[in-house]
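Here are my notes for your first look at this one. Have the sequence and the model open, and take the points in order.

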Amino acid sequence: MNVRAILDRIRAVFGEFTAGQKMVTALIVLALVIGAVLFRSWAAKPSYAPLFSNLAASDAAAITDKLNSLKEPYRLADGGSTILVPQKDVYQLRLDMAKANLPASSQSGFSLLDKGGITTSEFQQNVAYQQALESELAKTIEAINGVQSAIVNIVLPQTDVFTQDSSKPTASVLVTTQPSSTLTPEQVQAIVHLVASSVEGLNPADVTVADSQGHVLSAPGMDGQLSAASTLQDQQTAAYEQRVAQAVQNLLQPLVGPGHVVVQVNAALNFDTKSTTSETYLQPSPGTTPIPLSQSWSYETYSGTNQAATGILGPDNIAVPTPSPSPGTYQSQSATVDNAIGRVVEEVKTAPGSVERLSVAVLLDSAAAKNVNLTDVKNLVTSAAGVQTSRGDSVSVATMPFDTSQQAAEKKALAAAQKAQSMNKLVGYAKDAVIALIVLGIIFFFLRRAKKAAEVSPILSLAERVELEEARRRAALGGGDGAERKEIPSGQKPADRLEITTPLAAEIGELVERQPEEVAQLLRGWLADRRSS
């Protein structure tokens with residue numbers, strides 16, 4: 001079947017539609033065309049991804065100029081500091097920008113030292129080194145979570161060989177945090193020590209850190225380490241209290257039910273670090289011989305008659321003679337022995353975070369704890385929380401009526417919201433079902449009309465073509481209303497006016513095979529018309 005015949009049939013079917021049907025058909029075709037166009041434009045629309053972010057204004061301008069020269073589409077976000085490009089071109093465009101040394105600010109750091117020449121003076125070298133160091137420190141600080149950008153300024157005093165007491169270096173850091181983000185004291189101390197460890201001779205106490213809001217986070221005279229330690233201690237105390245309260249609540253919830261028990265814990269933790277050294281001497285066991293560590297002996301012997309002059313002075317200071325001494329001897333002996341003594345040296349270091357005092361308060365809903373023994377509950381809480389009365393810990397258990405009006409209102413609102421959400425889903429499903437039924441009805445209606453038109457239109461089309469062929473034959477033979485008949489040359493047989501061309505005859509034959517009854521009915525109608533005429 002050729003295309004022309006198909007178009008003729010479509011034209012014939014559309015010609016039989018009423019004005020309303022034609023309008024509906026035109027609207028459906030128009031909607032399909034518009035939908036196809038919109039879908040094609042949406043499918044062909046590229047998805048964008050960040051090429052660079054947190055750009056300076058000069059870098060953003062240079063990159064956009066480069067993209068315009070490359071005729072690449074782009075978008076700006078975050079006030080022009082972020083450039084978005086089609087996702088499929090991100091990596092190639094980054095390579096192109098790197099080839100063009102963009103962004104230029106990323107080329108700072110120690111790469112600035114590569115720009116010096118042989119004519120660079122010592123002063124210029126020192127300035128370039130200081131700028132490179134500041135840039136490297138800024139990039140290092142920006143790697144910390146929560147820091148969006150950083151500016152580092154370092155003051156390096158000039159070295160003088162003739163000066164003994166020179167000034168010390170100082171530094172200042174200005175940080176810009178990410179939206180809805182703040183720096184913790186630990187992060188501030190990390191910045192301080194990063195800068196101090198990167199500059200020779202810089203003391204952490206000489207580093208000032210401030211944020212973009214003008215708040216001083218660390219400065220000389222401020223004990224940042226103490227603040228960071230205090231914050232860490234508060235966090236550890238809160239974590240311990242929460243852990244104990246959760247343990248007690250998990251114990252009591254099966255007893256009175258969820259929402260009918262409130263537990264509050266107050267703990268005092270000791271974060272002092274204590275080191276104790278003790279030395280103990282052990283007594284030797286009975287019946288054991290001590291082991292000597294060292295021994296020493298001393299011997300002394302004397303014998304002879306020589307003796308020093310002795311006596312009593314008489315008158316005129318003349319000594320009175322004494323009898324001569326007899327010969328004599330002298331002996332002395334001593335020994336010193338140092339025995340080993342058992343000794344135990346013990347060094348104990350107490351870790352910080354020990355519990356000094358613990359207070360636990362438990363409040364039960366009187367409506368849910370009617371048959372609960374408070375003494376048993378107190379004993380359970382004492383065991384679960386690790387309460388020790390020897391150190392002054394306390395446990396308090398009480399019952400009071402809970403106000404459940406807010407919970408009831410919240411449950412009611414939640415139920416209403418869930419019901420409304422279910423109704424919205426049902427309404428949406430009903431709308432979809434109605435639209436689907438309408439579309440199916442329209443499709444079924446047009447298919448049925450098209451089927452009926454397809455069953456009738458070929459016969460009518462052939463009838464019109466047969467009449468047209470007959471009219472052409474009459475015109476060729478000179479017949480017609482009021483027209484002169486042309487003489488047929490001798491020897492030529494008059495053509496039968498029902499004779500038709502070969503393609504038309506083939507089509508009529510095919511139609512007779514497919515729809516014999518309709519063709520017979522059509523021929524009967526023609527014969528009846530001719531007889532009546």
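1. **Overall surface.** The protein chain exposes about 38500 Å² (accessible areas come from the Shrake-Rupley method with a 1.4 Å probe; for residues, only the protein chains shown count as cover), and carbon and sulfur atoms supply 56% of that area. Before you go on, note that this is a predicted model, where local features need pLDDT of at least 70, side-chain atom pairs count only at pLDDT 80 or more, and totals for chains, interfaces and linings use all residues. Residues are numbered from 1 along each chain as its sequence is written, and side-chain values use heavy atoms, with hydrogens and water left out.

2. **Make-up of the chain.** You'll find 11 helices and 14 strands in the protein chain; these are DSSP runs numbered from the N terminus (helices are H or I, at least four residues; strands are E, at least two). Of the 533 residues, 20% are buried (buried means under 20% relative accessible area, exposed over 50%, partly exposed in between, with a 1.4 Å probe and protein chains only). Take the contacts (heavy atoms within 4.5 Å) between residues at least 6 apart in sequence: 70% of them join residues at least 24 apart.

3. **A nonpolar patch.** Look for Met23, Leu27, Leu30, Ile34 and Leu38, which form a nonpolar patch on the surface with about 500 Å² of accessible area together. Leu30 sits in helix H2 (residues 19-44) and is partly exposed, at 48% relative accessible area.

4. **The three-strand sheet.** Next comes an open sheet in the order S1-S3-S2, with antiparallel pairing (two strands pair if DSSP finds at least two bridges between them). Its edge strands are S1 (48-52) and S2 (75-77), each pairing on one side only. From one strand to the next, the twist averages 40° (axes are lines fitted to C-alpha atoms, for helices over the stretch in contact, and angles run from 0 to 180 degrees between N-to-C directions). Four bridges link S1 and S3 (residues 82-86), and Phe52 stands opposite Ile83 in S3. Helix H3 (residues 57-70) packs on this sheet, touching S1, S2 and S3, with its direction at about 20° to that of S3. Helix H4 (residues 90-99) lies across S1 and S3, at about 20° to S1.

5. **Two positive phi values.** Lys71, in the loop between H3 and S2, isn't a glycine but has a positive phi of about 55°. Asp78, in the loop between S2 and S3, also isn't a glycine, and its phi is positive, near 55°. Lys71 is exposed, with a relative accessible area of 76%; Asp78 is exposed too, at 60%.

6. **The four-strand sheet.** This open sheet runs S4-S5-S6-S7 with mixed pairing, and S4 (147-155) and S7 (216-218) are the edge strands. The twist averages 25° from one strand to the next. S5 (residues 170-177) and S6 (residues 207-211) run parallel, joined by five bridges, and Leu174 stands opposite Ala210 in S6. Helix H6 (residues 185-198) packs on the sheet and touches S5, S6 and S7; its direction makes about 135° with that of S6.

Key
Patches are made of residues with over 30% relative accessible area and no salt bridge: like charges are joined within 9 Å, nonpolar side chains (Val, Leu, Ile, Met, Phe, Trp, Tyr) within 5 Å. A salt bridge is a side-chain nitrogen of Lys or Arg within 4 Å of a carboxyl oxygen of Asp or Glu.
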